[in-house]
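These are my notebook entries on a single chain. I record what I looked up and what I found.

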Amino acid sequence: MSASDPVVLIVEDESDVAETYRLWLADSYSVRVAEDGDEGLDKLGDAVDVVLLDRRMPGLSGGEVLEEIRSRGLECRVAMVTAVEPDFDILEMGFDAYLEKPVKGNKLRSTVQDLLERSTYDSMLQEYYALVEKRATLEANKTARELDNSEQYQDLRRRIEQRRDKLSETLGSVDDEDDFITTIRELGDE
């Protein structure tokens, strides 16, 4: 790996899981590994592009580490990689992607690549992607009735619609999210 390779920080208390992730990513990225939240914060810096963060760890939880990352104003993207089933509390968390364990190698690699691509987009687009990710995570894990009865979920849908409308004003008319994402990827390729 060269000094110009993107840096991925894995914060995972299960050493065998962390090593597996490291092996999956080492060919394409400069990888750092931390065994707990405190060590993760110590290894965090401006050079880190993506953090793969376990949510439940001894000491500082993944949520606490995530809060610290955001309070420091770091520009890295964060994926929660966890066995914790998501609930509506994820709406308050500042992550960019949420992966439920067990995670396959191709899914982990594609998530890191997607997050690196997203980091080139402006903050409004990053917020839009994060909101869509949260909606997709909730929709995959909650019943239609739970979603219909959640005021937080309804607010999330409104926020997504507002961001999409604002972004469409900038990028031109986009009828649905698949078209929108295709348009954004085409812009990134240019």
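**Entry 1: Phe88**

I looked up the contacts of Phe88, setting aside its neighbours within four places in sequence, and found Leu138, Lys142, Glu146, Leu147, Ser150, Gln152 and Tyr153; contact means heavy atoms within 4.5 Å. I note that this is a predicted model, in which local features need pLDDT of at least 70 and side-chain atom pairs count only at pLDDT 80 or more, while totals for chains, interfaces and linings use all residues. Residues are numbered from 1 along each chain as its sequence is written, and side-chain values use heavy atoms, with hydrogens and water left out.

Phe88 sits in the loop between E4 and E5; helices (H or I, at least four residues) and strands (E, at least two) are DSSP runs numbered from the N terminus.

I turned next to Leu138, one of the contacts of Phe88. Leu138 is placed in helix H5 and counts as buried because its relative accessibility is 0%. Not counting residues up to four places away in sequence, Leu138 touches Asp87, Phe88, Ile90, Leu91, Leu147, Tyr153 and Leu156. From Leu138 to Tyr153 I find 15 residues in sequence and 8.4 Å in space, C-alpha to C-alpha.

Lys134 is also in H5, which spans residues 123-141. With a relative accessible area of 7%, Lys134 is buried. I list Ile90, Leu91, Met93, Phe95 and Leu156 as touching Lys134, again without residues up to four places away in sequence.

Leu99 belongs to strand E5, residues 97-100. Beyond its neighbours within four places in sequence, Leu99 is in contact with Met80, Val81, Thr82, Lys107, Leu108 and Thr111. Leu99 and Ala83 are 16 residues apart in sequence and 8.4 Å apart in space, C-alpha to C-alpha.

Which residues does a cis peptide bond join? I find the bond between Lys101 and Pro102, with omega about 0 degrees. Pro102 is in the loop between E5 and H4.

I checked the sides of H1 and found Val17, Ala18, Tyr21 and Leu25 buried. Seen down the axis of H1, these residues fall within an arc of 100 degrees, so they line one face of the helix; the arc is that of the directions from the helix axis to the C-beta atoms. The face turned away from the buried side of H1 carries the exposed residues Asp16 and Leu23. Against the buried residues of H1 pack strand E1 (7-11), strand E2 (30-34), E3, E4 and H4.

I then compared axes: those of helix H1 (residues 15-25) and helix H4 (residues 105-118) come within 10 Å and cross at roughly 65 degrees. H1 is therefore roughly perpendicular to H4; that term covers angles of 65 to 115 degrees. The axes are lines fitted to C-alpha atoms, for helices over the stretch in contact, with angles from 0 to 180 degrees between N-to-C directions. The contact is made by Tyr21, Trp24 and Leu25 of H1 and by Gly105, Leu108, Arg109 and Val112 of H4.

**Entry 2: H3**

In helix H3 (residues 62-71) I find Gly62, Gly63, Val65, Leu66 and Ile69 buried. They cover an arc of only 160 degrees around the axis, which puts them on the same side of H3. On the other side of H3, I note Glu67 and Ser71 as exposed. The cover over the buried residues of H3 includes helix H2 (37-43), strand E3 (48-53) and strand E4 (77-82). Gly73 follows H3 and has a positive phi, near 70 degrees.

**Entry 3: The chain as a whole**

I count eight helices and five strands in the protein chain. Their order from the N terminus is β-α-β-α-β-α-β-β-α-α-α-α-α. Of its 190 residues, 44% count as buried. Of the contacts with a separation of 6 or more, 61% are between residues 24 or more positions apart.

Methods
Buried means under 20% relative accessible area, exposed over 50%, partly exposed in between (1.4 Å probe, protein chains only). Angles under 35 degrees count as roughly parallel, over 145 as roughly antiparallel, 65 to 115 as roughly perpendicular and the rest as oblique.
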